[in-house]
Amino acid sequence: MRIRIAVVSVAALVALAGCSSSHHHDDAGTATPATAASSSGSTPTAISRATPSGAAGAGKDELVAAVRTYSTAYFAPDADKGYAMLSKRCQAKTDKHTYGQELQQSVTAYGHQKLKTVTVDRLSGTLGTVTYTYDNSLLDQDGQAWALENGAWRYDAC
């Protein structure tokens with residue numbers, strides 16, 4: 001995602017290494033993760049309050065809530081909360097200390113950001129992609145990957 005690219009660029013300038021990907025962010029999930037293009041090819045649809053698809057109790061509303069929580073932690077910065085919301089795959093790619101440095105760099109570069117919009121692009125079983133925007137469009141995420149692990153949505157765009 002663009003956030004990941006921006007974060008990685010900032011991190012490179014200060015010689016810090018982050019998760020490997022085309023984008024990363026913290027809760028704003030940090031705001032940051034690699035861009036994962038939606039394979040559906042369809043235009044994103046607005047979030048509805050209709051019965052969520054996928055696993056019981058882990059539908060669109062829960063995914064949107066996870067994105068909001070992650071984004072808040074990312075730009076707090078709250079490395080403990082944000083890191084806990086990374087998928088196991090993403091946690092295996094970075095340690096909490098490095099992740100925390102990445103979050104701090106994002107806040108230093110962009111300040112404390114708040115989400116404007118969140119749209120679930122695709123939700124299929126334990127995988128989903130989400131597009132969301134911030135006041136600063138450089139941080140917008142497009143088709144960011146999320147995975148359902150042990151009943152909770154986790155950031156998976158590393």
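**Exercise 1. Find which residues of helix α2 are buried.**

Solution. The buried residues of α2 are Leu63, Val64, Ala66, Val67, Tyr70, Ser71, Ala73 and Tyr74. Buried means under 20% relative accessible area, exposed over 50%, and partly exposed in between, with a 1.4 Å probe and protein chains only. Helices (H or I, at least four residues) and strands (E, at least two) are DSSP runs numbered from the N terminus.

Before going on: this is a predicted model, where local features need pLDDT of at least 70, side-chain atom pairs count only at pLDDT 80 or more, and totals for chains, interfaces and linings use all residues. Residues are numbered from 1 along each chain as its sequence is written, and side-chain values use heavy atoms, leaving out hydrogens and water.

**Exercise 2. Check the span of α2 (residues 60–74).**

Solution. Start from the rule: the expected span is 1.5 Å times one less than the number of residues. With 15 residues, α2 should therefore span 21 Å. Its end C-alpha atoms are 21 Å apart, which agrees.

**Exercise 3. Work out how α2 and α5 are oriented to each other.**

Solution. First, take the angle: α2 and α5 pack at about 80 degrees, with their axes 9 Å apart. Axes are lines fitted to C-alpha atoms, for helices over the stretch in contact, and angles run from 0 to 180 degrees between N-to-C directions. Next, compare with the classes: under 35 degrees is roughly parallel, over 145 roughly antiparallel, 65 to 115 roughly perpendicular, and the rest oblique. So α2 and α5 are roughly perpendicular. Finally, look at the contacts (heavy atoms within 4.5 Å): Tyr70, Ala73 and Tyr74 in α2 meet Tyr99, Glu102, Leu103, Ser106 and Val107 in α5.
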